[in-house]
Amino acid sequence: VKIEAEAQRVAELESEVTIKLDRVAELECEVERQVTYGREVNTQLEGKVSLLAELDAELIHQKRQNAEVSEKLTRQLAVNMEVQAKLESEFARVAELETNVT
């Protein structure tokens, strides 16, 4: 009777071990799925970081070009103001000559 009880207890323990091993296998599969998902997300993030770096470089390039254009426009404005001043001076001189003629 004692041997039968021990055998029964061993069978119960084997069943518990089997259940726990099955659970461990399930958890290992879940961990592997999570690791795979994490790798996929990491790959996507690396792609986005790379794209952001490219966009940042393009933005820096655009800012440089804008600064160059701004400098050219500032110089052109100065030239235009000089021309305007000369034209106003000429108009004043012509108006004075017309006044003297009449």
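**From values to terms**

Mentor: Let us begin with Val24, which is found in helix α1 (residues 2–101). This is a predicted model, in which local features need pLDDT of at least 70 and side-chain atom pairs count only at pLDDT 80 or more, while totals for chains, interfaces and linings use all residues. Residues are numbered from 1 along each chain as its sequence is written, and side-chain values use heavy atoms, with hydrogens and water left out.

Trainee: What makes a run of residues a helix, and how many helices and strands does the chain have?

Mentor: Helices (H or I, at least four residues) and strands (E, at least two) are DSSP runs, numbered from the N terminus. The chain has 1 helix and 0 strands.

Trainee: Why is the chain called more spread out than a compact globule?

Mentor: The radius of gyration is taken over C-alpha atoms, and the globule rule is 2.2 Å times the number of residues to the power 0.38. For 102 residues the rule gives 13 Å, whereas the chain has 43 Å, well over that value, so the chain is more spread out than a compact globule. The C-alpha trace spans about 145 × 20 × 10 Å along its principal axes.

Trainee: Why is Val24 called partly exposed?

Mentor: Buried means under 20% relative accessible area, exposed means over 50%, and partly exposed lies in between (1.4 Å probe, protein chains only). Val24 has 40% relative accessibility, so Val24 counts as partly exposed. In the chain as a whole, buried residues make up 0% of the 102 residues.

Trainee: How do you know that Arg9 and Glu12 form a salt bridge?

Mentor: A salt bridge is a side-chain nitrogen of Lys or Arg within 4 Å of a carboxyl oxygen of Asp or Glu. For the side chains of Arg9 and Glu12 the N to O distance is 3.6 Å, so the pair meets this definition. The two are 3 residues apart in helix α1, and are therefore separated by about one helical turn. Arg9, at 41% relative accessibility, counts as partly exposed, and Glu12 is partly exposed at 36%.

Trainee: How many salt bridges are found in the whole structure?

Mentor: A search finds 5. Among them is the one between Glu26 and Arg23, whose closest N and O atoms are 3.2 Å apart. Another joins the side chains of Arg93 and Glu90, at 3.5 Å from N to O.
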